[in-house]
Amino acid sequence: FPVFFRRHVTILCAGIRVFINFCEARGETIAIASNAPILADMSTSVRHGLAVVFAALLGSTASADEVTEEAPVFLTDPAPIESFLWTNRPVIVFADSPADPRFIEQIALLEDQIDALRERDVVVLTDTDPAAKSDLRIELRPRGFMMVLIGKDGGVKLRKPFPWDVRELGRVIDKMPMRQQEIRDRRGDE
C-alpha cells in the first residue's frame, strides 16, 4: 500500500483503540449489530468482513497486553509527575476530547514506535477531559491539544501544540545529558 494509505489506516486503528479504551473505562460493552444504520447498505459479506477486522483489532489489543511482561508504555491511570522522578520520562498528551484528530494521530505515532519509547524509558499519559481539572492540567495548563515531554528530573523539556513523530521526540531525548549517560553506561555493559 502507498505510505499515505498506511498512515491513514494507522490513524484509524489508533482511533478505534482509543474508542475501545474509552468504552472499556466506562464499563461499556462493544458490539457491532448487523442492523446498525451505517451497515444497512452493505452486503452481508462486507458486514462479516468488518466484523472479522474489528474482532482482529480487539483480539490483537488484548493479546498484546497479556503477552508483554515489560513495563507498560501507555498508562491508563494518570499518576503524579513526581512518581516518575529519576525512573521515567513522561510524555503527556492532552486534548479536549478523545475524538480530537490531533490526539488520535499522536497516539498512532507513539504506538507505531513503542520499542523506541521503551528504550528511552518513556511512559505515555493521556488527559482528554478538561472538565475534570486533573493535577496534570492544572500544573501544565494546556490549551486544546498539547504534547509535553517531562525529563527524568521532573522538568518540562518540550511542549508541542501539534503531533510529533517518535523519531523527532527520540532526538530530543537523546540530546539530554542523562540520556547521554545512559547510552554510555549501556555501551560499557556490552
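Q: Why is D127 called buried?
A: The relative accessible area of D127 is 9%. Buried means under 20%, exposed over 50%, and partly exposed in between, with a 1.4 Å probe and protein chains only. The value of 9% falls under 20%, so D127 counts as buried. This is a predicted model, in which local features need pLDDT of at least 70 and side-chain atom pairs count only at pLDDT 80 or more, while totals for chains, interfaces and linings use all residues. Residues are numbered from 1 along each chain as its sequence is written, and side-chain values use heavy atoms, with hydrogens and water left out.

Q: Where is D127 found?
A: D127 is part of strand β2. Strands (E, at least two residues) and helices (H or I, at least four) are DSSP runs, numbered from the N terminus.

Q: What makes the pair D127 and S134 a polar contact?
A: The side chains of D127 and S134 are joined at 2.5 Å. A polar contact is a pair of N or O atoms within 3.5 Å, one able to donate a hydrogen and the other to accept it within protein; residues adjacent in sequence count only if both atoms are side-chain atoms. The 2.5 Å value lies within 3.5 Å, so the term applies.

Q: Which residues is D127 in contact with, leaving aside neighbours within four places in sequence?
A: They are V93, F94, A95, S134 and R137. Contact here means heavy atoms within 4.5 Å.

Q: Why does M178 count as partly exposed and not as buried?
A: M178 has 32% relative accessibility. That value lies between the limits of 20% and 50%, so M178 is partly exposed. The residue sits in helix α7, residues 177-189.

Q: What makes up the largest nonpolar core?
A: This core has 20 residues, and V91, V93, L117, V124, M147 and L169 have the most contacts inside it. Elements giving two or more residues to this core are β1 (89-94), α3 (101-112), α4 (114-119), β2 (122-127), β3 (146-150) and α6 (166-174). A nonpolar core is a set of buried Ala, Val, Leu, Ile, Met, Phe, Trp, Tyr and Cys residues joined through side-chain atoms within 4.5 Å. Another core, of 11 residues, lies apart from it and includes I81, F84, F94 and L136.

Q: What does M147 touch, not counting residues up to four places away in sequence?
A: M147 touches V91, I92, V93, Q106, L158, R159, K160, W164 and L169.

Q: How many helices and strands has the chain?
A: There are seven helices and four strands. From the N terminus on, they run α-α-β-α-α-β-α-β-β-α-α.
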